[in-house]
Amino acid sequence: ADCGVYYSLSEYSKAKDYYSKALDIAKEINDEKAISIYYGNIGNVYLDQANYPKALSYYQKALKIAEKIEDKEGIASYLSSLGIVYSNQSNYLKALEYYQRSINISKELDYKLVTSSNLLQMGSIYKTQSDFPKALEYLQMALQVSEEIGKKHTASILVQIGSIYKAQSNYPKAFEYYGKALKINEEIDNKVGIAINLASIGIA
């Protein structure tokens, strides 16, 4: 639990130190799943610091062990994390490849949050490339899965869809999706989401 507090306070060195010590213990007792998890956690810290080469290295280590022990949930998560790193490096072809590989496994596991998140990330890449039809296709798939997860996640995808329509200067459609997101965020009293929605509607 402590490491989560360090991480939330952005005390990266403390979080990394905690994970490294935990990793050493996991190695001593040869707990391969724990080793994989701590490699992944250290990767998360490096990703948050935008140290992409280090994040890539640790996620690859985590993935290698997860594959060895056939931890499919871990494999899906690490593939997705690698997709994020490649996307942040603007290596979109590689990112799309890793997101798709993650989706193939997460669908098999009925791991809806990872499936939806990957589809959302893929949609964002296509938006960056101004391939709006493809972006909408993936975001609509993400939306369909998200509706089985939770309202907060659904609202964030509705905002992304609205942003695609805004980029196409289709303001009535943009307003419609921003409005849907606002309604959900009001229902769940998500104040940050409400503020973002109101700003989006104002811009649209």
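## Model and confidence

The protein averages a pLDDT (the predictor's confidence in each residue, from 0 to 100) of 90, and 94% of the residues score at least 70. This is a predicted model: local features need pLDDT of at least 70 and side-chain atom pairs count only at pLDDT 80 or more, while totals for chains, interfaces and linings use all residues. Residues are numbered from 1 along each chain as its sequence is written, and side-chain values use heavy atoms, with hydrogens and water left out.

Over residues 1-7 pLDDT stays under 50; for this stretch the model has eleven contacts (heavy atoms within 4.5 Å) beyond four places in sequence.

## Leucine 136

Leucine 136 is in helix H8, residues 132-146 (helices are DSSP runs of H or I, at least four residues, numbered from the N terminus). Leucine 136 is buried, with a relative accessible area of 13%, because buried means under 20% relative accessible area with a 1.4 Å probe, protein chains only. Leaving aside neighbours within four places in sequence, leucine 136 contacts Ile161, Ile164, Tyr165 and Gln168.

## Aromatic pairs

The structure holds seven aromatic pairs (rings of Phe, Tyr and Trp, the last by its six-membered ring, with centres within 6.5 Å; planes under 30 degrees apart count as stacked, over 60 as edge-to-face and the rest as tilted). Tyrosine 165 and tyrosine 177 form a stacked pair, 5.7 Å centre to centre with 25 degrees between the planes. This pair links distant parts of the chain, with tyrosine 165 in helix H9 (residues 151-167) and tyrosine 177, twelve residues apart from it, in helix H10 (residues 171-187).

Key. Helices (H or I, at least four residues) and strands (E, at least two) are DSSP runs, numbered from the N terminus. Buried means under 20% relative accessible area, exposed over 50%, partly exposed in between (1.4 Å probe, protein chains only).
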